[in-house]
Amino acid sequence: MEWTKEKIAEIYHQPLLELLYQAATIHREHHNSREVQISKLVSIKTDGCPEDCGYCPQAARYHTDINGNSLMSVDEVKQHAQEAKDMGSSRVCMGAAWRNVKDDSDFDQVLEMVKSVNEMDMEVCCTLGMLTENQAKRLADAGLYAYNHNLDTSEEYYKEIISTRGYQDRLDTIDNARKANLTVCSGGIIGMGESDEDRISMLYTYALMKPQPESVPINALVAVEGTPLEEQKPVPIWDMIRMIATTRIVLPESAVRLSAGRTSMSDEGQALCFMAGANSIFAGDKLLTTPNPDFNGDLDLFNKLGLVPMKAYKKGDKPEIKDSYKERPESNEKIKWSRPSHKIERNEIAKEKGKAIKNGFEPRKVVSVKKL
Ligand code: SF4
């Protein structure tokens with residue numbers, strides 16, 4: 001199929017039940033519709049990020065209720081992974097609040113985490129910010145299966161959300177992951193004030209990728225007090241279903257991940273998302289720093305709907321561990337990531353507010369997370 005934005009718009013704007021039926025049909029042609037992958041997201045280094053993503057409570061410049069930590073130990077990660085595996089998870093995604101990966105001892109530690117989780121026969125994914133081809137290669141050699149790097153929204157709307165890096169930087173990192181033969185996990189967030197055209201444009205970018213991303217998380221914004229998007233209205237469940245169904249049709253082979261925002265969705269709403277082609281969820285009571293349904297609640301929902309957890313490495317493509325992951329490059333590659341110079345007014349306001357609170361000039365508010 002030669003995708004155009006017009007074709008995707010036609011799919012997206014169909015009457016909802018028609019769209020749902022088409023998506024469910026395509027889902028059944030490409031996937032076992034009873035299987036849903038349970039992934040565990042572990043925040044291995046929380047908070048203190050120098051970037052200014054408007055939705056993120058981990059950006060150091062905004063004042064939120066997040067408690068930061070230094071890099072987790074390998075043993076702690078293994079413990080999280082084992083607990084998740086015991087509950088049916090087949091994938092662990094490790095997230096660090098970094099702008100980009102550096103060739104230092106912290107990265108060496110992350111490589112050991114990757115190796116350890118791979119040895120537990122779970123799929124390992126990392127989300128560590130921007131990375132070079134050499135860093136992607138070391139991760140692959142340590143046994144990494146997937147690299148997550150979200151485009152978040154359309155290229156056009158990206159400038160309204162983040163000013164500290166450009167869209168092309170994101171695409172370059174995805175390219176670097178591909179060059180290292182990693183699978184790609186990349187998706188977006190809806191409810192940030194974007195238009196339908198922005199959602200369609202983001203899907204168009206993914207549709208043109210060769211190959212298309214193997215995994216596509218679709219998140220509903222969780223508007224956190226203190227971030228620039230704190231006032232954003234909750235996204236209706238119908239938008240989530242529409243977005244998931246369109247993603248399923250445009251990216252038929254990808255795992256579509258029903259990600260952030262699930263705590264505010266009813267079981268019925270989530271069931272329609274699975275019907276629309278979602279075949280993965282993140283489990284555990286936290287999604288990096290925002291609330292998420294607990295494992296038992298999810299397993300209960302699986303039982304009601306007749307869903308079963310998906311096994312790891314279904315395609316038999318478990319990466320081999322190669323000792324070369326230990327080799328640090330002698331000199332850093334020349335990094336060409338941009339630092340765009342534009343400013344985003346609401347990000348600047350949230351930053352100033354954060355400064356005032358930290359300096360004791362403005363009181364903290366009590367509420368931290370708005371529910372959908
Ligand atoms: S790069 Fe990641 S951790 Fe940093 S502010 Fe953006 S979303 Fe948050």
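**From one residue to the whole fold**

Mentor: Isoleucine 8 is buried, because 21 other C-beta atoms lie within 10 Å. Please keep in mind that this is a predicted model.

Trainee: Which helix does isoleucine 8 lie in?
Mentor: Isoleucine 8 lies in helix α1, which covers residues 5-12.

Trainee: And what does isoleucine 8 touch, leaving aside residues up to four places away in sequence?
Mentor: Its contacts are Trp3, Ile200, Leu203, Tyr204, Ala207, Thr246 and Val250.

Trainee: Which residues of α1 are buried?
Mentor: Ile8, Ile11 and Tyr12 are the buried residues of this helix. Viewed down the axis of α1, the buried residues fall within an arc of 95 degrees, so they line one face of the helix.

Trainee: What is exposed on the other side of α1?
Mentor: Glu6 and Glu10 are exposed there.

Trainee: Which helices do the buried residues of α1 pack against?
Mentor: They pack against α2 (16-30), α8 (196-208) and α9.

Trainee: Let us turn to the core. How many residues does the largest nonpolar core have?
Mentor: The largest nonpolar core has 100 residues. Those with the most contacts inside it are Val114, Leu139, Leu144, Tyr147, Leu182, Leu221 and Ile244. Helix α9 (residues 237-250) contributes the largest share of this core, seven residues. As background, nonpolar side chains tend to be buried together in soluble globular proteins.

Trainee: What does isoleucine 244 touch?
Mentor: Not counting residues up to four places away in sequence, isoleucine 244 touches Ile218, Val256, Leu258, Cys273, Ala276, Gly277 and Ala278.

Trainee: Now the ligand. Which residues surround it?
Mentor: The ligand is surrounded by Cys49, Glu51, Cys53, Cys56, Gln58, Ala59, Ala97 and Gly129. By class, this shell has five nonpolar, two polar and one charged residues.

Trainee: I would also like to check the backbone. Where is there a cis peptide bond?
Mentor: A cis peptide bond joins lysine 210 and proline 211, with omega at about -5 degrees. Proline 211 is in the loop between α8 and β7 (215-220).

Trainee: What is phi of aspartate 152 near?
Mentor: Phi of aspartate 152 is near 70 degrees, a positive value in a residue other than glycine. Aspartate 152 sits in the loop between β4 (146-148) and α6 (155-158).

Trainee: Is aspartate 152 buried or exposed?
Mentor: Aspartate 152 is buried, because 23 other C-beta atoms lie within 10 Å.

Trainee: And what about asparagine 181: where is its place?
Mentor: Asparagine 181 is in the loop between α7 (167-179) and β5 (183-185). Its phi is near 65 degrees, again a positive value in a residue other than glycine. Asparagine 181 counts as exposed, because it has 11 C-beta neighbours inside 10 Å.

Trainee: Where does aspartate 106 lie?
Mentor: Aspartate 106 lies in helix α4 (residues 105-119). It is partly exposed, because 17 other C-beta atoms lie within 10 Å. Aspartate 106 and methionine 72 are 34 residues apart in sequence and 9.7 Å apart in space, C-alpha to C-alpha.

Trainee: Finally, the overall picture. How many helices and strands are there?
Mentor: The protein has twelve helices and twelve strands. Its C-alpha trace spans about 50 × 50 × 40 Å along the principal axes.

Trainee: How does the radius of gyration fit a compact globule, and what share of the residues is buried?
Mentor: With 372 residues, a compact globule would have a radius of gyration near 21 Å, and the 20 Å of the protein agrees. Buried residues make up 49% of the 372 residues. Of the contacts with a separation of 6 or more, 82% are between residues 24 or more positions apart.

Technical notes:
Residues numbered from 1 in each chain as written. Predicted model: local features only at pLDDT ≥ 70, side-chain atom pairs only at ≥ 80, totals over all residues. Near = placed C-beta within 6 Å. Nonpolar A, V, L, I, M, F, W, Y, C, P; charged D, E, K, R; others polar. Core = buried A, V, L, I, M, F, W, Y, C linked by C-beta atoms within 7 Å. Buried ≥ 20, exposed ≤ 12 C-beta atoms within 10 Å, placed from the backbone. Helix = DSSP H or I, 4+ residues; strand = E, 2+ residues; numbered from the N terminus. Contact = placed C-beta atoms within 7 Å. Arc of directions from axis to C-beta. Rg over C-alpha atoms; globule rule 2.2 N^0.38 Å.
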